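This report describes a few local features of one protein model. Please look at the sequence and the structure before reading on.

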Amino acid sequence: MPEAVRTTCPYCGVGCGVLVTRDGERIKVSGDPEHPANFGRLCSKGAALGETLDAEGRLLQPMVDGRTVDWDTALAAVADGFKRVIDEHGPDAVAFYVSGQLLTEDYYVANKLMKGFIGSANIDTNSRLCMSSAVAAHKRAFGSDTVPVCYEDLEQADLVVLVGSNTAWTHPVLYQRMAAAKRQRPVMRVMVLDPRRTATCDIADLHLALKPGSDAFLFNGLLGYLQRHDGLDLEFIERHTEGLDEALAVANGSAPDIAAVAQACELSEAEVARFYEWFAQTERTVTLWSQGVNQSSSGVDKGNAIINVHLASGRIGRAGMGPFSITGQPNAMGGREVGGLANQLAAHMDFDAESLSRVARFWNAPRPAGRPGLKAVELFQAIERGDIKAVWIMATNPAVSLPEADRVRAALRDCELVVVSDCVHPTDTSELAHVLLPAAGWGEKDGTVTNSERRLSRQRAFMAPLGEARPDWWIVTQVARRMGFADAFPYEHPAAVLREFAALTALDNAGSRDLDLGPVQDLSDAAYGAFEPMQWPLDNAGRGRQRLFADGRFYTDSGRARLIAVTPRPPMQTVDHAYPLVLNTGRIRDQWHTMTRTAKSARLTTHTPEPFVQIHPADAARFRVQQDGLARLSSPHGRLLARVKVDTDQRPGSVFVPMHWSDANACCARVDSLVAAHTDPVSGQPESKHGVAHIEPFNAQWHGFILSRRPLELGFADYCVSIRGVEHWRHELAGESPPPDWGVWVQEHLLGPGEWLEYADPATGRYRAARLQHGRLEMVLFVAPDWGLPERTWLGQLFAEDHIDDMARMSLLVGKARGGMPDQGRTVCSCFNVGLNTILDAIKNQGLVKPEQIGAALKAGTNCGSCVPELREILARAASGA
Ligand code: SF4
């Protein structure tokens, strides 16, 4: 067996270690048992990484204005284009929009070019959308962007409070670690604060379905409660903090007692009291938060309201306790380290005179940026106005992911020069580029990432870059040289970049800044190759630190942590007659960002194949939308179509729509086209968790699906979603206009060699057709006036067969699985491809009552564990006969 390459998962901020073995064309991926983030575990996305590495959908060659060119031509086009705009309009007329998908080395070089040599700070990152509010909250409280805790704290805590975080789906391995710790130590309690009941509630002892946006009331109330119930650590407060009196006065003014909090949060007084009692009584408490808190027009204040209760109770810097903002992306933390945010300099320095001078001196920068640049939303608004005339977008898809995404798309369409470097093409954003630069993908590039507990790990290459793809640090370096900055960009290897960055973190840093990677500046290339995961800050011997602030010393001028007075503010948008529902957006279990990689894996697409809107039954009845039907959502900014999922887990008055779908795989399903570009005034993070929307039934005159061995262009349908299956593509379709004559349409659009089977019933609007060639199924089409169409799973399985037998041929147009061929139903367990019907049969026939028994019988839930909450739900429904 070839030796495994140790690398790091490129998806979420848990930063799991991955072992990759290559045997010829076969690539095997497994969890690294020695990596301290995951100890061998992987979630469904990580486990499917090996299925995302082929050339399909990859950008393989540089392109300028739609023509394939060589690297020299493309790099010159970028350098000349940027130079021209800078010469004519100044450095603030250009911008970079980068990504938490970049490696630290890529990020550092891009930031250095913009802030040190172009002379603008117009470089911002898509991490602005995910955790910039937490960054600002950290800096206000600690004087530095410091995550004080580590993953072990979540296992050692006696109470874990999860705020606005569906950890089971968004950070699955960390969730599994908590679940395992809770099994071993039943005294440990978990609380979920979330308007929705999510899969994470599977391990919750208490779920508070608070009113969307009301978190600051809840934590302000807790601060006052701690004061009234002897829960303050007066010694810690006296010695190590400042601002308590003002924070308490404002907290008590806005949330004077439990009754007031319950009313503001739309909870019962008993629920609020229970939370407060648990928190007050449990010293070892970790409060973990993520996008549900951050993606708010008052996300920074909410973060500080959470940090306040930890400072006031002295629960920070010790095992099993502390405030913990978890990052969404694999290298969001690395981006923060190197200054990927427009309002930071590299190495956790700000735009103060001393830091500016230090960084400029270190870089020998001729034209350092003197002030913060534009944050993501402002940056694209500047492009829209024409103030920014050239933008370079690296490894991200803002035409899908930024709020008011239609405006973003229009702005890019009108921009003079749009450069996109990415490993995939086409995307909604790359389609708008004048220059396309093929970037190396995961497995092809070398560098470092930092996970949510400040742990640096290596991503290592285990295959040659496909086509002419190159690492991002190399691409930026080449452009910098062509812009005249060759002396400052001498890099030939990513290790050289990391060494330089590490030296900057150590410069004039005798403990005055939290981020210190000093010993890394002396790392040889060989040592870089063998780099073991380590947590910053590093001491002189290269040893990392698990927790910060154990000594009660913070990075503020006074050395004290600051409690911040938080006045709760309502979300920017409120529901009204025209838009009566709150719109919440977020992630689903098996997809990542805009699906450019995860949608390549058939087993990841089967759990949730279509965009959906989750709605409470009372709202579904009120707005006349039905389970499995289609609905149209609209806001003042855009509209979308999605499949309806009626669910009591959803809070009445609000709907949830996932963020993943784009025009690349669906028509009219980009939820960020509905989200307003309202941002937090301090962090600039958009309020993606609280939009407003109207919902109505989509009155389709026909519904259908096509399974085809090749992907099809089906722009004629109002609703169309393309989904990767095993050896086929599935296209879900629906139309509001009268359907075409299907027999004629098939002749015109789907004609191909082989044998056609056809069934038409014009009177009922039903049409079915299939094409076989050399005994293999090539395509099958079903159309009906309603959505009660045959199950797709067993039909899809026929594409893996070399020969369709007579029984299968007969069953094809009947729409029922042939005798003996089980229809396993919708996939529940992606790791072992176990479907809902298979699980229901086993429950019924074998009398299963626990997820562990399902695991023993079918293996479902025994690998990554991400589907265990769903298995428990299926068992509960089966037991109740629902
Ligand atoms: Fe990757 Fe899953 Fe680990 Fe996140 S939890 S790093 S997505 S394997």
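A crossing of two helices is left-handed if the near helix is turned anticlockwise from the far one by less than a right angle, and right-handed if clockwise. Helices (H or I, at least four residues) and strands (E, at least two) are DSSP runs, numbered from the N terminus. The model is predicted, so local features need pLDDT of at least 70 and side-chain atom pairs count only at pLDDT 80 or more, while totals for chains, interfaces and linings use all residues. Residues are numbered from 1 along each chain as its sequence is written, and side-chain values use heavy atoms, with hydrogens and water left out.

The crossing of H11 and H12 is right-handed. Contact here means heavy atoms within 4.5 Å.

| Helix | Residues | Residues making the contact |
|---|---|---|
| H11 | 258–265 | Ile258, Ala259, Val261, Ala262 |
| H12 | 269–281 | Glu269, Val272, Ala273, Tyr276 |

Threonine 396 lies in the loop between strand E14 (390–394) and helix H18 (398–401). Is threonine 396 buried or exposed? Threonine 396 is buried, with a relative accessible area of 7%; buried means under 20%, exposed over 50% and partly exposed in between (1.4 Å probe, protein chains only). Leaving aside neighbours within four places in sequence, threonine 396 is in contact with several residues, including Tyr97, Asp422 and Thr429.

Conventions. Axes are lines fitted to C-alpha atoms, for helices over the stretch in contact, and angles run from 0 to 180 degrees between N-to-C directions.
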